[in-house]
Amino acid sequence: MDFRPVRECLAVRRQSALLILVGLLLSCGSPHPTQQPSASAAPPAVAYEAHVVAGDAPIPGGSLRNPHAGDPAVARSGALLFTAMNCDGCHQDQGVGWVGPNLGDGRWRYGGADAEVFNSIFYGRPRGMPAFGAALGAEGVWTLVTYLRSLPAPPDLPTESWQN
Amino acid sequence: MSRMAHIAALAWLAVVPVCATCAQAAGQSTNDAEGQWTMPSKDYAATRFSTLGQINRQNARALHPVWTFSTGVLGGHEGQPLVIGDTMYVVTPWPNVLYAFDLTREGYPLRWKYRPEVSSNAIGVACCDSVNRGAFYADGKIVYNLLDGHTVAVDAHTGREVWKVQIADLGNGETTTMAPLVVHDRVIVGAAGGEFGIYGWVKGLDLASGRTLWSARNLGPDEEMGIRADTFRPPYDRGASLGTESWGNESWRTGGAPVWGWMSYDPELDLIYYGTGNPSPYNAEQRPGDNKWSASVLARKPGDGTLVWAYQFTPHDSWDYDATGAMVLADLTVAGKPLKALVHFDKNGFAYTLDRATGRVVVAQPFAPLNWAQSIDLQSGRPVLNAARQTGVSLGNVKGICPSLEGGVSPASPPAYSPRTHLFYTSTSNMCMDYQVRHARHLKGTPFVGVISPYIAGPGGYLGSFLAWDAASGRKVWENKEQFPNWSGALVTAGDVVFYGTLDGWFKSADARTGEVLSKFKVGSGIVGNPITYRAPDGRQYVAVYAGLGGDWALLAGDTRSDDPSDVRAPAEPTTEIARHTSMGGIVWIFAL
């Protein structure tokens, strides 16, 4: 992966406030201006990780929608954000897995729906996944979700074979 | 020096030197010192040499497993058991359970187990798997670090917690994987976090209470590094403020220099020795200068932490060449003269023989394929660099650097030294790398790294080896090449047998003089731990080792993991075959004749 776009972006518009930096990154990476992220844009917390619901009674507040679902320009911004926020330090370049799990295999420890991935990033998860909600704002987290959902899962995922 | 440090130094003077047979003094043991294994590296000199000789080069072919125990934990089982009297102690990776096995009964049932409360967040803050490098026995207590920045002391007899103290800040990227060193009544500890931009340090705790008596940085202002004006004499550097002036842009504040390896101690010189890890971040252009004292060996007084000398193996490290590997103390004859030596196999591929009183380099030769430097200049102590293999953000993707950032040997894999053969024994890793860094931004609680570094096989058609090294002349004596990078520690005995494990799970014994493999057995998982030997209450000699693939291999060989259906990874070059031969595990193995 080429990091130069991030670097130039950072060099040109160096700022100290994290949210401003994130906002600039988003606008650097995307041809279209995006809405300014802010902590107040955060949705109500859905602090659960279970996917079995007792009595078929849905949990209130669980229906979040990704405003950028499938938008390739936002996914490209998300790729820049993925390195700028040091996500690659744990999940490796392009999210193929390092000390943190593979994010590009189409499988998800805490659920792979957009809202579930959003919650994992926004609120963090046990075993060391930091909460990025306050640092990124909802817009930044959705941008990352859009990027992660754009990663193509490799073929023959369940089977690893040695033929010789 | 703070008032507290003054008091600590005075108290130090009153302490009786540590006894060689403390186990008996504590009413613990009928075993003698040579039959036990009371500290991580066997002795203060970190030789991993045992005087036991029942198992020898004539009969070792008959070695076979006699007992196994699943720790119940999957993850890199680095480190080694302890044997005190008739009890064997095992510390697991996170969640850092401590088991005490009764060696007097058939099947070695547990006397007790200790399950500390330890934060699961430490798993994600530890750079490279949730490893633990072992415990230290002193004054009737088993002392070890929990991954989440705590040190505990547990009563060796009852399993009751004597004290538990916080020493490191998980929220700031610090985890604690190293084995403590206890000297007199000081517990010396440090923290990992070279991938999180920590401000590296060591501390001296009170063995009785766990209270911090002194704390000293490995970088930064002199007064924070334990430098007293007239006591610090590095062999090749002069002047004050080296720990700040060798870091452009005040980069020392997030400069790393962590402590996660091994420590040794010379009672005559009253010096502890330990290595520091990489400077942060990986883009060296963000930290102009030598970056002292990262990637270095430091010699301190254990009583109050005073820094006496320091030597930097890799100035301005641009390859993640941590120097946290063991510092083995041996009395050698070099060029006809006696030398009180410190021998160190560095990640950078050179094996160093230093004068341990002064830190001067006497011998430095490659023990593994390398190309980042031509040689080490003995006059200046500095590497003669290869201009084509330097890295930095302005240099783009630099190809074909040897060794890889896994090192010519992993610091997690300590060597052994036999005073009988006068040889050192070490695992090696033979991989090279491409190295492309970016400008890294320090964001507390997240990694401060910024590198893409795929590995390739090193030259010669093998990926690792186990070798014997003459540190007086700086030459290899024999070498057993292995299919995969070799990641276990070494053990050598008075039977002239050397023991090691392979990444694909073979536990081997070999003739210490020739390298001829005498026995091998395929254990349940790859070996990244360190074999030990002891005499059990039945009078027989045993050899114990952990099987449990992990450490860096939890990252590098994610396809060896089968317990998480939500994390499926492709095999990685150049060890694409490793998952064919082993998977994660966590088993204690014991071998006997």
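Here are questions and answers on a predicted model with chains A and B.

User: What kind of model is this, and from which number are residues counted along each chain?
Analyst: This is a predicted model, in which local features need pLDDT of at least 70, side-chain atom pairs count only at pLDDT 80 or more, and totals for chains, interfaces and linings use all residues. Chains are lettered from A and ligands numbered from 1 in the order in which they are written, and residues along each chain, as its sequence is written, are numbered from 1.

User: How many helices and strands does chain B have?
Analyst: Helices (H or I, at least four residues) and strands (E, at least two) are DSSP runs, numbered from the N terminus. The C-alpha atoms of chain B fill a box of roughly 60 × 60 × 55 Å along the principal axes. The secondary structure of chain B comes to six helices and 39 strands.

User: What percentage of the residues in chain B is buried?
Analyst: A residue is buried if 20 or more other C-beta atoms, placed from the backbone, lie within 10 Å of its own; it is exposed at 12 or fewer, and partly exposed in between. Chain B has 593 residues. The buried share is 62%.

User: Which element gives the largest share of the side of chain B that touches chain A?
Analyst: Two residues are in contact if their C-beta atoms, placed from the backbone, lie within 7 Å. By that test, 32 residues of chain B are in contact with 32 residues of chain A. On this side of chain B, α3 (121–125) and α6 (578–581) each supply at least two residues. The largest share, five residues, comes from α3(B).

User: Which residue is the bridge partner of V187(B)?
Analyst: Strand β12 (residues 186–190) of chain B runs antiparallel to β13 (residues 201–206) of chain B, and five bridges join them. The partner of V187(B) lies in β13(B). That partner is L205(B).

User: Is strand β5 (residues 98–102) of chain B largely enclosed or left open, and why?
Analyst: Five bridges join β4 (residues 87–91) of chain B to β5(B), and the two run antiparallel. Four bridges join β5(B) to the antiparallel strand β6 (residues 110–114) of chain B. Four of the five residues of β5(B) are buried, so the strand is largely enclosed.

User: Which residue in the hairpin of β4(B) and β5(B) takes a positive phi?
Analyst: Six residues lie between the two strands of this hairpin. The phi in question is near 60 degrees. The residue is N96(B).

User: At which residue does helix α6 (residues 133–150) of chain A bend?
Analyst: The expected span of a helix is 1.5 Å times one less than its number of residues. With 18 residues, a straight helix would reach 26 Å, but the end C-alpha atoms of α6(A) are only 21 Å apart. The bend (the angle between axes fitted to the seven residues ending at a residue and the seven starting there) is about 70 degrees in α6(A). The bend is at E139(A).

How values were computed: Two strands pair if DSSP finds at least two bridges between them.
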